[in-house]
Amino acid sequence: MLLTSLYIIGITAEGMTGALAAGRHNMDWFGVVFIACVTAIGGGSIRDVLFGHYPLTWVAHPEYLVIICIAALLTTRIPYFVARFERTFLVLDALGLAVFSVIGARIGLDLHPSGSMAVAGAIITGVFGGILRDIFCARIPLVFQKELYASISLLIGSLYVACNYASKHYFPLDENTIIIACLTIGFIIRLVAIRYHLGLPTFKFNPKN
């Protein structure tokens, strides 16, 4: 129940940020809704297709799609209000990243006993929506340029796998305890990365003419 509630908050926030990105490129309402949906559920859809996890999440729960569409269209009416609370949406985005990553890790581990698939599920679910959004908006994905992002999904996925392994072989841990621990750690690290502009080393190459 907790994860579902946080998921709804996450897709709503991601849908609104996706709508703003579409607005910056003067897209019509269809474009706004499309970019919002891609941002919010694109990563999960790619994960489900790659892992053979059917029906897709938004097909099984079409109400999620309705929520995203409403959030996107609402954003077109109050864009300056939404943009004014940029920091709030950064916090919600950090929460969404943690939630999406945990969900991806759970599905990956349920479908494949390999921990590597759980980590891949976390990364795909956590970051691919933003990557698709930026591709459709004709810009280099922000996940490749800004503060720690994909790395946090990697960390959350690895932590989820490690906690489940420890629970099975060493000491029992409640599933909710594992989820809350992974969410909290990932969320806090993302906020710290935003606050102090922490990122991976960049590679710059300027060939001589």
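**Salt bridges and helix packing in the predicted model**

Salt bridges join Arg 133, Asp 134 and Arg 139 into a network, a salt bridge being a side-chain nitrogen of Lys or Arg within 4 Å of a carboxyl oxygen of Asp or Glu. The model is predicted, so that local features need pLDDT of at least 70 and side-chain atom pairs count only at pLDDT 80 or more, while totals for chains, interfaces and linings use all residues. Residues are numbered from 1 along each chain as its sequence is written, and side-chain values use heavy atoms, with hydrogens and water left out.

Asp 134 is buried at a relative accessible area of 1%, where buried means under 20% relative accessible area, exposed over 50%, and partly exposed in between (1.4 Å probe, protein chains only). Arg 133 is likewise buried, at 12%, whereas Arg 139 is partly exposed, at 29%.

In total, the structure contains 4 salt bridges. One of them pairs the side chains of Arg 106 and Glu 175, at 3.4 Å from N to O. This pair connects distant parts of the chain, as Arg 106 belongs to helix α6 (residues 86-111) and Glu 175 to helix α9 (residues 175-196), 69 residues apart. Helices (H or I, at least four residues) and strands (E, at least two) are DSSP runs, numbered from the N terminus. Both partners are partly exposed, Arg 106 with a relative accessible area of 29% and Glu 175 with 28%.

Helix α7 (residues 115-136) packs against helix α8 (residues 150-169) at an angle of about 145°, and their axes are 8 Å apart. Axes are lines fitted to C-alpha atoms, for helices over the stretch in contact, and angles run from 0 to 180 degrees between N-to-C directions. On the α7 side, the contact (heavy atoms within 4.5 Å) includes Gly 115, Ala 118 and Val 119, and on the α8 side it includes Ala 150, Ser 153 and Leu 154. The residues of this contact comprise 8 nonpolar, 5 polar and no charged.

For "domain: Glycine transporter", an unreviewed UniProt entry lists residues 6-75 and 91-163. Residues 6-75 are 84% helix and 0% strand, with the end C-alpha atoms 20 Å apart. For residues 91-163, the corresponding values are 78% helix and 0% strand, with the end C-alpha atoms 25 Å apart.

Conventions:
Nonpolar A, V, L, I, M, F, W, Y, C, P; charged D, E, K, R; others polar. UniProt positions renumbered as here; feature names shortened; annotations may be inferred.
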